[in-house]
Amino acid sequence: SVLDFSVKDIDGKDTKLGEKYSGKVLLIVNTASKCGFTPQYADLEAVYKKYREQGLEVLAFPSNDFGGQEPGTNEEIKTFCSTKFDVTFPLFSKIPVKGDAKDPLYAFLTDTAKNPATGGDIKWNFTKFLGGRDGKIIARYESKVKPTDAEVTAAVEKALAARGRQLEVQASEARVTLETELDRRAEESRQKESQAAEKAARLEA
C-alpha cells in the first residue's frame, strides 16, 4: 500500500507515510505552479478544510514532468502555494512521476499489476489518487476532474465512513471475544466447583 513508502516533505525532511498517515484517507496529487489546472490548488484546499477533521489528508507532490510547468525550487513552490492559494495541506519535495526515474511511490501508484483499476502512466499535472484508510488505492481522477466535483467528494465521504463501519465490526468482534472468554471462565469455575464437591464427597466417605 502507499503506507509502505517514505518520501521527503517540502522542507526535505524524511516522512514515513505509514507512521504519519496510517488510518487516514489520502488524496495524492502531482501538482505544478504554471499549469492551466493550477487553480485546483484552491479546490484541494477547500476539500481539505471540509474533511480533514474526519480524517482526510491531501498530499501534494510537485513535478516538472509536464511542459516544464514546475520549474521552481521547493522553497519557491512552498512560498507560491502559501501566498497564492493559502495552502495548508502537506506539500512534498518535487519529484519525477513518470519515466524510468519516477519516484518509488509513483512507480507503485502507476503499476498496472499492483493497481489494475487505477494504474497506468500519469498523463498530466493534477492527476489524483484516492487512498483508503488502509492505504489501498480506491480511485483515480484525471486532471480535468476537480477535487470538488461530486464524484470525488462522494468517494471521499464513502472512504471516510469506512472507519465507522470498521469500528463497528471491531466492537462486535470484541464483544464476541469477551463473551467467549466469560463463558470459558464460567465453565472453568463450574468444573472447579464440581471437582471440589467430588473431593469433599470422597473425604466424607
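The model is a predicted one.

I will start with the rings. How many aromatic pairs does the structure hold? The count is ten. A pair of aromatic rings is described by two things, the distance of the centres and the angle of the planes. Take Tyr41 and Phe89, whose centres are 6.4 Å apart, with 20 degrees between the planes. That pair is stacked, because planes under 30 degrees apart count as stacked. Tyr41 sits in helix H2, residues 40-51, and Phe89 sits in the loop between H3 and H4. The two are 48 residues apart, and the pair links distant parts of the chain.

Are these two residues buried or exposed? Tyr41 has 0% relative accessibility and counts as buried. Phe89 is buried too, at 3%.

Now a second pair, Phe66 and Trp124. Their ring centres are 5.5 Å apart and the planes stand at 50 degrees, so this pair is tilted. Phe66 is in the loop between strand S4 (56-62) and H3, while Trp124 is in the loop between H4 and S5, so the pair ties together parts 58 residues apart in sequence. Phe66 counts as buried, at 3% relative accessibility, whereas Trp124, at 31%, counts as partly exposed.

Some ring pairs join up. Tyr41, Tyr48, Phe80, Phe85, Phe89 and Phe126 are linked into a cluster by ring pairs. One member, Phe126, lies in the loop between H4 and strand S5 (128-131). Phe126 is buried, because its relative accessibility is 0%. Its phi is positive, about 65 degrees, although Phe126 is not a glycine. Asp86 also has a positive phi, near 55 degrees, and is found in the loop between helix H3 (74-85) and helix H4 (104-109).

Next, the cores. In soluble globular proteins, nonpolar side chains tend to be buried together. Here the largest nonpolar core has 28 residues. Which residues have the most contacts inside it? They are Tyr41, Leu56, Phe89, Leu91 and Leu130. At least two residues of this core come from each of strand S3 (25-31), H2, S4, H3, strand S6 (137-141) and helix H5 (150-204).

Leaving aside residues up to four places away in sequence, Phe89 touches Tyr41, Leu44, Glu45, Tyr48, Val58 and Ala60.

Notes:
Residues numbered from 1 in each chain as written. Predicted model: local features only at pLDDT ≥ 70, side-chain atom pairs only at ≥ 80, totals over all residues. Heavy atoms only, no water. Helix = DSSP H or I, 4+ residues; strand = E, 2+ residues; numbered from the N terminus. Buried < 20%, exposed > 50% of the residue type's maximum accessible area, 1.4 Å probe, protein only. Phe/Tyr/Trp six-rings, centres within 6.5 Å; stacked < 30°, edge-to-face > 60°. Core = buried A, V, L, I, M, F, W, Y, C linked by side-chain atoms within 4.5 Å. Contact = heavy atoms within 4.5 Å.
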